[in-house]
Amino acid sequence: MNGFSERSLPTPPGKMGLPVVGETLEFLRSPGAFVDARRAKYGPVFFSRILGKPTVYLSGAEANHWVYAGEDKYLKNEWSPAIRELLGDDCLALISGDEHRGRRKLLAPHFRRVGMDASVPSILSVARKHLRRWDTDARLGPMAMVPRIRALAFEIAATYLVGEVGDLGVPLGEFSGDFKAFTAGMFTALAVELPGTKFARAMDARRRMATILDDLVMRRDAGSRRGADVLSTLLEVRDEAGEMLPRDTIVDELQLFLFAGHDTTVTAMSNVIYHLAMHPQVALKARAEQDQLQAGSFTLESVRGMPYLSAVIKESMRMIPPIGAAFRVMTREGEFGGFRIPAGWRIAVCPRLVHSDPQYYPAPERFDPERWLVPAERPPFAYIPFGGGPRMCIGQHFAELEMHIVLAMILREFTWTLGPDQDLSFTEIPTPLPRGGLVLDLRRC
Ligand code: HEM
């Protein structure tokens, strides 16, 4: 499959669509429905012209493997111009080749599972503070959970990144307001700073955040305080020449980690809570597991002892992967599944395609955490909420730890049912969340 092509091979089935725009408008209306319809019509490999380029969708564990194995051989990472401008060229997600491999090697030790225990106390104390607030607010009636989970996760993420959020020197609400404007600009088509546009507001927010972070980096570099936070690691690592990372690279990395780690974690946790509201029997079982563990405190080891909660989280991300698609671009002509894929074409990996494939998940439309508790023959890359290969999510272990602790605490303290009259349809861009904000009637257990 990895060989390079005979010119006679056909390109994958699909349509170029309208002049200039191709099929972009239909794609933007609902990326999920767009790919589902084309997979049903053309099979697991198809193409369309969206967002300015022919784009090949590949579905299946073997296809995902082909993409992840192709990094820097026949394809490379692709980001939109808006995201490139906003993230800056020198952050982990945008660099490639030896530079990417070298940076991952420097940063990977920080993100290993074994070091994660050091982050538990701060996750616990931030979560306790927010859950106390939820308890008070819930007495006033049903409330939208997504903004509350967002605020909680933002404080956890900021603490993980810089240690003390007070060190930012501005109120966290102000910093998170800028972060919101910054991410809102990521998904705009035109990366041009026209006054009044989302993109211009995002660039302004990026500059303000960069100033705050740069000042913090300088202070921390000059001082001696080091901790379990990511900034400490970014200040400590040295490349092969013994050089530390440039200060503006450290700032770019902090902004990237916040961008890559925040909305994804909010989405994953919100959708677990949504699934538990939709499936009371599953919620009962998840709570029963926590009741048995109640006395124990949280450690890396103790969260491993929550197999049912782990299965619920896995199943929730199978059904609603927080990231809709990851994009690559072919750097040379290649071949997969009997099709020729020309150089310059884009490749899209959509976790939802492989996660809804009945050959890996019988009755894929059923929310069934039990499927993760029985032995099943699934090939590698049939489950990819965190991606795979050299660009696999570097924050996976932190995200999993955070989700287990926060969700376990919520299960121990509250029961919940869906509030009345709400819009339970899902947004898709930037991430899949209930449009109505997931209004719940939260009760103390
Ligand atoms: C449930 C939460 C999360 C999900 C579902 C998720 C998902 C992903 C996926 C699918 C990728 C691969 C994208 C690709 O193939 O191009 C990725 C990459 C990445 N993630 Fe996460 N992520 C999560 C949390 C986090 C957290 C908490 C952090 C940071 C602390 C983080 C930092 C990153 C970074 C920096 C990359 C780029 C890695 C590289 O290019 O080498 N993520 N994530």
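**Entry 1: around the ligand**

I sorted the shell around the ligand by class and got 16 nonpolar, 7 polar and 3 charged residues. In this sorting Ala, Val, Leu, Ile, Met, Phe, Trp, Tyr, Cys and Pro are nonpolar, Asp, Glu, Lys and Arg are charged, and the others, Gly among them, are polar. A note to keep beside everything here: this is a predicted model, where local features need pLDDT of at least 70, side-chain atom pairs count only at pLDDT 80 or more, and totals for chains, interfaces and linings use all residues. Residues are numbered from 1 along each chain as its sequence is written, and side-chain values use heavy atoms, with hydrogens and water left out.

I then asked which of the 26 residues around the ligand come nearest, and found H100, R104, R328, R391 and C393 (a residue is near if one of its heavy atoms lies within 4 Å).

Next I looked up polar contacts (pairs of N or O atoms within 3.5 Å). The side chain of H100 has an N or O atom 2.7 Å from a ligand oxygen. For R328 the side-chain distance to a ligand oxygen is 2.9 Å, and for R391 I read 2.9 Å as well. Two or more shell residues come from each of α5 (97-111), α11 (247-278), β6 (326-330) and α16 (396-413). Of these, α11 gives the most, with 7 residues. Helices here are DSSP runs (H or I, at least four residues), strands likewise (E, at least two), numbered from the N terminus.

**Entry 2: the iron**

Which protein atom is a donor to the iron? I found a single one, SG of C393, 2.3 Å away. Donors are N, O and S atoms within 2.8 Å of the metal (3.2 Å for Na, K and Ca), and water is not among the atoms, so sites may look incomplete. C393 sits in the loop between α15 (351-355) and α16.

**Entry 3: a cavity**

I searched the whole structure and got 1 cavity of 30 Å³ or more. On a 1 Å grid over the protein atoms alone, a cavity is a set of points where a 1.4 Å probe fits but cannot get out, and lining residues have an atom within 4 Å of a point.

The lining is A158, L161, V162, L168, F175, L213, L254 and L258. α7 (145-162) and α11 each give two or more of these residues, and α7 gives the most, with 3. By class I count 8 nonpolar, no polar and no charged residues.

Technical notes: Polar contact = N/O pair within 3.5 Å; in protein donor to acceptor, adjacent residues only side chain to side chain. 1 Å grid on protein atoms, 1.4 Å probe; cavity = no way out; pocket = protein on both sides within 12 Å on 5 of 7 lines; lining within 4 Å. Points joined across faces, edges and corners; volume = space filled by probe spheres on them.
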